Amino acid sequence: FFIALLLNLKMHIPLVLGVIHEYGFLRRWGRSVLSRFWPNNVRLIAVSEPICEEICSGLPHLYGRVHVVPHAMDKVHLLDSISARKSLNIPPDSYCFGVIGRLVWKKNHELLLRAFAELDEGPILALVGDGELKDNLKELSLALGIEHRVIFCGHQENAKTLIKAFDAFVLPSGEEEAFGVVLLEAMAASIPILSSDAAGPKSVIGDTGMTFRCKNKDDLVLKLKLMRLLTEKEIAEFTTRGSRRLEENFSIGAISKKFRGLPEL
């Protein structure tokens, strides 16, 4: 994006679009000052409403130059539950809460492990992904006495194709999570979702899943228990709403229409 800005000084470029995926992109002093001198043909695309709000509240001179165009989810071939569980070494008959994401601090896996430790024996937790906190999280699961109920699946190529291995998908991320593409993947797989109510994830799932108060372990424990007690009818209601929301708001067709509908285009 900044290379494009430099080229924009010397070349005739009709439009420069910068796509912002995370919070804080313009939080640095130098970047915020630079933004006051952008030519009028520079526009920003935020992948979620909360990112747009952060930019405009901190840099009001950019109001009207930031548009919201979320991530899209294309159709993907999903492995069936049995095959997916076999790939991840998940016991076929256990109730499984699943997470997909890098094992880094902003994903808040520690909160999930501590909450999961307060559940009765029975369900298992599968963590798909790798990262700098893997060893710490393994040590924590051992300290909590739940190492026999937590499966560290490691990095998986095309992890989204394995999502049917889970009975429920959990996103424990906090306020730092700006969107959560994995939520779209869970919607596409018709898996019930439990997510934090942080602004980014909440902007994705709307009313299509269950939420817990961000970074609140006790509420997460309660919602994990409630999630496991959902009836088939209740699960169907969540997943049907999720499929509808995915098609209407996050499909390739919907996003293409929104992008092409930007005033500048």
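Helices (H or I, at least four residues) and strands (E, at least two) are DSSP runs, numbered from the N terminus.

## Basis of the model

The structure is a predicted model, in which local features need pLDDT of at least 70, side-chain atom pairs count only at pLDDT 80 or more, and totals for chains, interfaces and linings use all residues. Residues are numbered from 1 along each chain as its sequence is written, and side-chain values use heavy atoms, with hydrogens and water left out.

## The loop that holds S173

S173 is placed in the loop between β7 (168–171) and α7. Its relative accessible area is 1%, so S173 is buried (buried means under 20% relative accessible area, exposed over 50%, partly exposed in between; 1.4 Å probe, protein chains only). Leaving aside residues up to four places away in sequence, S173 touches K106, K107, N108, S196, A198 and C214, where contact means heavy atoms within 4.5 Å.

## Nonpolar cores

A nonpolar core is a set of buried Ala, Val, Leu, Ile, Met, Phe, Trp, Tyr and Cys residues joined through side-chain atoms within 4.5 Å. The largest one has 50 residues, and I90, F166 and F169 have the most contacts inside it. Helix α7 (residues 181–188) supplies the largest share of this core, 5 residues. A second, separate core of 27 residues includes L103, L140, F212 and F238.

Beyond residues up to four places away in sequence, F169 touches G98, V99, I100, I163, V182, L183, A186, I191, P192, I193 and L194.

## Salt bridges

The structure holds 14 salt bridges, each being a side-chain nitrogen of Lys or Arg within 4 Å of a carboxyl oxygen of Asp or Glu. One of them joins E22 and K106, with the closest N and O atoms 3.0 Å apart. This pair links distant parts of the chain, 84 residues apart: E22 is in the loop between β1 (16–20) and α2 (29–34), and K106 is in the loop between β4 (96–100) and α5 (109–116). E22 is partly exposed, at 38% relative accessible area.

Another salt bridge is formed by E118 and K217, whose closest N and O atoms are 2.5 Å apart. E118 lies in the loop between α5 and β5 (124–128) and K217 in helix α9 (residues 217–228), so the pair ties together parts that are 99 residues apart in sequence. Both residues count as partly exposed, E118 at 39% relative accessibility and K217 at 29%. K215 and E176 also meet through their side chains in a salt bridge (3.5 Å, N to O). Together with E175, these residues are linked in a network of salt bridges. K215 is partly exposed at 44%, as is E176 at 26%.

## Cysteines

The count of disulfides is 0, a disulfide being a pair of cysteine sulfur atoms within 2.5 Å. C96 is in no disulfide, and the nearest cysteine sulfur, that of C153, is 7.4 Å away. C96 is buried, with a relative accessible area of 0%.

## Nonpolar surface patch

On the surface, I3, L7 and M11 form a nonpolar patch with about 320 Å² of accessible area together. Patches are made of residues with over 30% relative accessible area and no salt bridge; like charges are joined within 9 Å, and nonpolar side chains (Val, Leu, Ile, Met, Phe, Trp, Tyr) within 5 Å. Accessible areas come from the Shrake-Rupley method with a 1.4 Å probe; for residues, only the protein chains shown count as cover. L7 is found in helix α1 (residues 2–10) and is partly exposed, at 41% relative accessible area.
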